[in-house]
Amino acid sequence: MAHLEGDERAAYVRQMFGRIAGRYDLMNRLMTFGQDRRWRRYAVQQAALPPAGRLLDVATGTGDIAFEALRQHPGAAVVGADFSTEMMRVGRARAGGERVTWVNGDALALPFADASFDAVSSGYLMRNVVDVPGAFREQVRVVKPGGRVVALDTSPPPRSALRPFILLHLRAVIPLLGRLVAGDASAYTYLPESTQAFKTPEELARIMRGVGLVNVRYRRFMFGTMAVHTGTRPEETV
C-alpha cells in the first residue's frame, strides 16, 4: 500500500483516513504511549506565532495541532485545512471546535492567498502526500515573509540497538492495535510501511531548503522515529 503513487495513492489515503476518523485520536495516544501531545506542543512552540497571529494547520485531521495552538495562543486565528471531511467532522465535534475555521483543501493547491498566515504547521502530512516539495512550496507561498513552516512527521527507524524492537512495534504491534481498536488492520499496516519508506530527517531538511526556506533545523523524538522540522520564509528584499 505504501508503494502506491500519484492519484491512486492520494485516493487511498483519503479513503483510509475517512475510515479511521472516529478512532484516530485514540490510536495516536496508544501508538505513541501518549507522547504525541508533547510533539505537537513543541511544534506549536516552534511556529512562534505573534500575539493574535494567524496559523494555518495543513492536514489538520481532527485538529490536534490546531487545538494546541489555541491553548498556547488563545487570541490566535487558527485555520485547519484537510482533504478528509470525515476527519474534520470529528474535530468540529470536539470541545472548542467552533474556535477553529475548518476548510476542505488539498495540500498541493491550498485555497488561500499568498502571504496569508504568520505560520504554517502540518502533522503527518509529508509522509502521505504525493509531492513533498510541492506541498512545502504551497506552504511557503501562503506564509508571510519571516513566518515559519513547521512539519511534524515520522522518520525511518535509525540504526541502533533498539531498531529490532522499533520494527516489531511498527510491523506487529501497531497493526494489531489497529485491528482491535480501530477495526482496520490495513490502515495501520500502511502507516508503519509509509514510515519506513519515508525520507530521513536530513533528506526532508534538504527539500525544505530547496524550496527556499532558511534556518532549517529539526529535532528528533521517540528514539529517532519522529521529527519536528522548522524553516523560515526569507524576508523580502527591496
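Before I start on strand partners, I note that two strands count as paired if DSSP finds at least two bridges between them. I also remind myself that this is a predicted model.

**Entry: the sheet.** I looked up the strand order and found an open sheet of 7 strands, running β3-β2-β1-β4-β5-β7-β6. The pairing in this sheet is mixed. Which strands stand at the edges? They are β3 (100-104) and β6 (214-221), and each has a single partner strand, so one side of each is left without a neighbour in the sheet. From one strand to the next, the twist averages 15°.

Entry: I picked β5 (residues 143-154) and β7 (residues 226-232), which pair in the antiparallel sense over 7 bridges. Within this pair, I found V150 opposite T230 of β7.

**Entry: a helix on the sheet.** Next I followed helix α3 (residues 36-47), which lies across β4 (117-123), β5, β6 and β7. Relative to β5, helix α3 runs at about 165°.

**Entry: two helices together.** Two packed helices are described by the angle between their axes and the distance between the axes. For α2 (residues 24-31) and α7 (residues 163-182), I read an angle of about 145° and axes 11 Å apart. The crossing of α2 past α7 is right-handed. Which residues make the contact? From α2 come L26, M27, L30 and M31, and from α7 come H169, I174, L177, G178, V181 and A182. Sorted by class, this contact of α2 with α7 has 8 nonpolar and 2 polar residues, with no charged ones.

Methods:
Residues numbered from 1 in each chain as written. Predicted model: local features only at pLDDT ≥ 70, side-chain atom pairs only at ≥ 80, totals over all residues. Heavy atoms only, no water. Helix = DSSP H or I, 4+ residues; strand = E, 2+ residues; numbered from the N terminus. Axes fitted to C-alpha atoms, helices over the stretch in contact; angles between N-to-C directions. Contact = heavy atoms within 4.5 Å. Left-handed = near helix turned anticlockwise from the far one by under 90°. Nonpolar A, V, L, I, M, F, W, Y, C, P; charged D, E, K, R; others polar.
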